[in-house]
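The sequence and structure come first.

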Amino acid sequence: MAITKILARKGRLDLAIRYILNGDKTDGQILTAHLNCDPGRECRQMLETKRAVGKESGVQYYHLIQSFKPGEITPELALEIAKAFAQEHLPGYEAVIGVHTDRKHIHAHIIFNSVNAETGQKYHSNAQSYYQQIRTTSDRLCREQGLSVIMQGEVSKSVSYIEWLRQSRGQPTFRSMLDADLRQTIQDANDLGHFFLLMEHRGYEISHGNRLGFRLCGQERFMYPGRRNPLFTEDGIRAAIQGNLEAMETGQPLSGRRVYRPYRRHPKYTGFLALYVRYLYVLGKIGQRQYPPKMTPQLRKDVMRFEQYRAQFAFLRDNGIITQTDMTAFQTRTEETLANLTKQRTILNVRKKKRRPLFAALADEAALAPAKTLYEDGLSGMEAEFGRYMEAVSLLDSCGISREALAAEKADLYSRLAEINRAIRAERKKLALCKEIQGRLPQMEQTIRKIEHREVKNYEHRQR
C-alpha cells in the first residue's frame with residue numbers, strides 16, 4: 001500500500017535534490033535513480049531547461065512522496081515502483097528519485113522539474129490530476145506487485161487486491177496456493193536442486209535473481225514469498241530441507257552445537273582497527289551521556305548507528321584489514337573473485353538457454369499429464385493443454401537424452417546457479433562495505449580529534 005502526496009515548491013532546487021539523495025537515508029545513494037538527467041548535473045540541467053523556455057519564475061519543482069506500509073515492501077522494490085511511476089507519469093520531465101530507509105516505513109521521494117524538457121510546458125497539479133493520474137497509477141503499480149491498496153470504504157482493512165478479489169469469489173488465492181506448494185515441496189525435496197525441480201514439475205517458473213520468484217503458467221508477474229516469510233528464501237528453504245522446518249516456523253534458533261573455541265588473549269589493534277576501537281569507545285561513552293555534554297547532529301546520528309560501526313569493525317577484523325594496503329589488496333581479490341563468479345554464471349546461463357526448450361518440455365510433460373487424462377476421458381476445454389503435452393512428449397522423445405538424465409542435469413544446473421548467485425551477492429556486499437568504510441574514516445578521525453581537543457580544554461580549565 002502506497003500513500004501518495006505531491007507538493008508544489010518555489011524554494012531552492014539544489015537543497016531539495018541534496019535532501020532526497022542523502023547517502024545516510026538512501027543506503028549510500030544505492031537506492032537512487034535519475035530520469036532524463038545525469039547524476040551530479042541534475043540541478044544544472046533543470047535550471048537550463050527553465051532558461052531555454054523563459055519559465056524561471058513560479059513553482060520551481062514538484063515533490064512527490066510515496067509512503068509504503070511498514071514491513072510490506074523492500075527498499076529495492078520501492079525503488080522499482082517509483083521508477084516505473086516516474087517513467088509512466090512524467091514522460092519528458094527531468095526527475096530525481098530517492099528511497100529513504102531512515103524511518104519505520106519505507107518511503108520514496110520523487111523531485112521533478114516543473115517544466116517539461118521536451119514540450120516546454122509547465123506541470124499543473126490539482127485534485128483531478130491527483131486522483132485520476134497519480135493515485136490511480138500508484139495503486140495499479142502496487143497491485144501488480146501484489147501489495148495491498150486502499151480500498152474504498154475499508155481503509156482500515158487494506159489487503160492485497162488480488163487476494164481480496166479471489167476471496168470475495170470464494171476462490172483460493174495465488175499466494176495461498178504457492179504457500180501450500182512450497183511447504184509440500186520442502187517436505188518432499190532431498191536438496192535445493194531437487195526442490196527447484198519439484199517446483200517446476202508442479203507448473204511453476206522460477207526466477208533466480210536477488211530473491212526467489214515463482215510464477216504459475218498463465219501468470220504475468222512473479223511472486224516473491226521470501227519478502228513476507230524468511231522460510232521461503234534460499235537460505236530458509238535449504239535449512240528447512242535439512243530438518244529445521246519446525247524451528248524456523250516457531251522462530252527458534254536452528255539446531256546445532258556451538259563450535260568450541262579456545263581462549264585467546266585480546267589482541268592489540270593498530271591501523272583501521274585501532275581507529276574503530278577508539279571511535280566505538282567514544283560513541284559508547286556518549287551513549288551513556290558521560291561526555292561531552294553537547295553533541296552535534298552528525299555525532300548523534302553516529303551514536304544511533306553504533307551497531308553498524310560494530311559490524312564494520314568485525315568485518316575489518318575477520319578479514320585482516322588493518323592498513324590502506326590491506327584494504328586495496330582485499331578489494332582487488334574480491335573484484336577478481338566477483339569477475340570469476342560472473343564468468344561462471346555466464347557459462348551456466350548459456351547452458352541453461354540451450355537446454356531451455358527441453359527443460360520447459362520436461363516441466364510441461366509433468367504438469368499437463370492430468371490434462372491429458374481429462375482430455376482422453378472426453379472432457380471438453382482441454383484441447384490446448386493436450387496439444388502442449390503432446391508437443392512436449394514429442395520433443396523429449398526426439399532429443400536423444402533420457403528424461404532421468406535431463407532431470408538430473410536440470411537440478412544440478414539450477415542448484416549451481418543458485419549457489420553462484422548467492423556468492424555474487426556476498427562479494428558485492430563486501431565491495432560496498434569497503435567503499436562505505438573508506439568514506440567514513442576521515443570523518444571518524446576528525447570527530448575523535450575534536451572530542452580529544454575538547455577533553456584537553458576541559459582538563460586545563462579544571463586545573464586552573
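## Helix packing in a predicted model

The protein chain has 15 helices and 7 strands; these are DSSP runs, with helices (H or I) of at least four residues and strands (E) of at least two, numbered from the N terminus. The model is predicted: local features need pLDDT of at least 70, side-chain atom pairs count only at pLDDT 80 or more, and totals for chains, interfaces and linings use all residues. Residues are numbered from 1 along each chain as its sequence is written, and side-chain values use heavy atoms, with hydrogens and water left out.

Of the 464 residues in the protein chain, 41% are buried, meaning under 20% relative accessible area with a 1.4 Å probe, protein chains only. Contact means heavy atoms within 4.5 Å. Among contacts with a separation of 6 or more, 67% join residues 24 or more positions apart.

**Helix H2.** H2 covers residues 42-53. Its 12 residues, at 1.5 Å a residue, should span 16 Å, and the end C-alpha atoms are 17 Å apart, which agrees. The expected span is 1.5 Å times one less than the number of residues. Which residues of H2 are buried? They are Glu42, Cys43, Gln45, Met46, Thr49 and Lys50. These buried residues pack against helix H1 (13-20) and strands E2 (32-35), E4 (95-100) and E5 (107-113). Just after H2, glycine 54 takes a positive phi of about 70 degrees.

Two packed helices are described by the angle between their axes and the distance between the axes. Axes are lines fitted to C-alpha atoms over the stretch in contact, and angles run from 0 to 180 degrees between N-to-C directions.

| Pair | Axis distance | Angle |
|---|---|---|
| H12 (324-367) and H15 (403-463) | within 7 Å | roughly 155 degrees |
| H12 and H14 (383-398) | 8 Å | about 130 degrees |

H12 and H15 are therefore roughly antiparallel, a label for angles over 145 degrees. Their crossing is left-handed: the near helix is turned anticlockwise from the far one by less than a right angle. The residues of this H12 and H15 contact divide into 20 nonpolar, 9 polar and 13 charged. Nonpolar covers Ala, Val, Leu, Ile, Met, Phe, Trp, Tyr, Cys and Pro; charged covers Asp, Glu, Lys and Arg; the others, Gly among them, are polar.

H12 and H14 are therefore oblique to each other. H12 passes H14 in a left-handed crossing. H12 contributes Pro357, Leu358, Ala361, Leu362, Asp364 and Glu365 to the contact, and H14 contributes Arg388, Tyr389, Ala392, Val393, Leu395 and Leu396. The residues of this H12 and H14 contact divide into 9 nonpolar, no polar and 3 charged.

Terms used
Parallel < 35°, antiparallel > 145°, perpendicular 65-115°, else oblique. Buried < 20%, exposed > 50% of the residue type's maximum accessible area, 1.4 Å probe, protein only.
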